[in-house]
Amino acid sequence: MAAISFSEKDLLCPQCSDIYYLPVLLKCGHNICRFCLQKFWEWKGCKECPVCRTMSVPGRPPINLALKIAADNYQVQKTVGNQDVCRLHKEKLKIFCHNDLEPICLVCQTSRQHKVHECCPVEEAAEQKKREISAMLDSLRKKLKTLHKTKVDREETKSYIQRQANQSEEAIKEGFQKLHLFLREEENGRLKLLKQEKEIKTQVMCEKLENIKEQIKNLSCTISDIEAYLRAKDLPFLQDYKEMKKRAKCNIPEPECIRDILINSAKHLGSLKFGIWKKMANIVTCVPITLDPNTAHSNLTFSEELTSVQYSSKQVLPGNPERCTSRVCVLGANGYTSGKHSWTVEVGQGKDWYIGVARESIKRESTVFLNPTEGFWVLGLCNGDSFWAETLPRTKLVLKQKPEKITVQLDYDKGKVVFINAADLTVIHAFKDRFTERIFPYFSPGLCENANNSIPLTVCPLTVTVEAK
């Protein structure tokens, strides 16, 4: 029987546009690589021809033997020549040198260059190196998965920045609505700063997202190339081994932890009216500390100027590194590394709360004990009747009356934290320690079964005169 002649165009798969690999013949007469056809059927969910959409008969379509032989011969003709023969000795490349990482012939193996090198048959080397590259491919797939997850997180954070900026803008406008027209310039100034921060931080996140997308694109291409490379025959595989190993070793760093990327609401909203108190002293209040919502648990909500916090229903917030997720708490916006500082907290009739100070390096994403060893100097009320100083072990406090306002005095240099009943100025408890890092005010309003009945913790305002005292 006369051999069937095929042109190069006839040997191209209509699905992958590459030379046929195990071509199968469909009922409609079209030929498709078996692997391409399986992928198409899995994706489509039905057995139809990728070219003309004709439904195929049940069962596996037969291999077009004549086309397979022609395609194989064409591939052999492309690889015949210098690729499988030693350029120096014109012998078959049957040995792989592990020292030089290249195929060699039997004559090369006995030469001075390779005589003391570690060598093995091409087949054995190909199997070993394929396992090696496959292991590296697994690592690349894990990195790709991490990059995809990071991309999703970054997109969520980007959206939250926009929402946070919008909320801050609304709060700023509401505050300025209470002022007279001559304060409009102050309002516009603050909105400008907020807009600049939003644009800068949104731009930063856009750049980070673009970087992640580029890494994903490059890594996806590398993985696709390696997957195709692993399907190559032994000699072509080993001949490209050096270059492909370099690509497989691509050093993609772990996604960086982006700190301070959220809108600094404390800067924009904290003591908003106090900034112009000299002009509007009769309606302005001033507090010694401002709460930082970027450190807050997702079950906490705040008052307009971030001076009060209470338990609420859970909110959807990004997982930024500053946020406390292991305890229902929030930190102050400003930390201290020296000096004396004091603030009074109205605890009201709350049944469960903790107040005090905490160091900057506390564990924010894992459960810890509230004691000085873990970086907390706090006292609290449990079940509405038991007062505790969180020492190690903790100390139960016996109080004559239940305080509604407690003053926290921090003397950083002397390592003291003193809690005072604001009603009669009696000392409730005092901690003595040595501080070695930044210390932040700490607030935890406790859990509440019904968020509508939660009692807030409120930072009491200072008396506003010519100077804040």
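How far is the sulfur of Cys49 from the closest cysteine sulfur? It lies 3.5 Å from the sulfur of Cys28, too far for a bond. These legends walk you through that spot and a few others. The model is predicted, so local features need pLDDT of at least 70 and side-chain atom pairs count only at pLDDT 80 or more, while totals for chains, interfaces and linings use all residues. Residues are numbered from 1 along each chain as its sequence is written, and side-chain values use heavy atoms, with hydrogens and water left out.

**View 1. Cysteines without a bond.** A disulfide is a covalent bond between the sulfur atoms of two cysteines. Here the term covers a pair of cysteine sulfur atoms within 2.5 Å, and a search of the whole structure finds zero of them. Cys49 is buried at 1% relative accessibility; buried means under 20% relative accessible area, exposed over 50% and partly exposed in between, with a 1.4 Å probe and protein chains only. Cys97 is buried too, at 0%, and its sulfur sits 4.5 Å from that of Cys119, the closest cysteine sulfur, which is too far for a bond.

View 2. An unreviewed UniProt entry places the feature "domain: RING-type" at residues 13–53. UniProt positions follow the numbering used here, feature names are shortened, and annotations may be inferred rather than shown by experiment. The end C-alpha atoms of residues 13–53 are 16 Å apart, and the span is 27% helix and 15% strand. Helices (H or I, at least four residues) and strands (E, at least two) are DSSP runs, numbered from the N terminus.

**View 3. Two nonpolar cores.** A nonpolar core is a set of buried Ala, Val, Leu, Ile, Met, Phe, Trp, Tyr and Cys residues joined through side-chain atoms within 4.5 Å. The largest has 35 residues, and Trp343, Ile355 and Phe443 are among those with the most contacts inside it. Apart from it lies another core, of 32 residues, including Cys97, Tyr229 and Met244.

**View 4. Glu197 in its helix.** Look for Glu197 in helix α5, residues 184–230. Glu197 is buried, with a relative accessible area of 8%. Leaving aside neighbours within four places in sequence, its contacts (heavy atoms within 4.5 Å) include Leu262, Asn264 and His268.

**View 5. Pro393 in a loop.** Pro393 belongs to the loop between β12 (386–389) and β13 (395–397). With a relative accessible area of 67%, Pro393 is exposed. Gly356 is 37 residues from Pro393 in sequence and 17 Å away in space, C-alpha to C-alpha.
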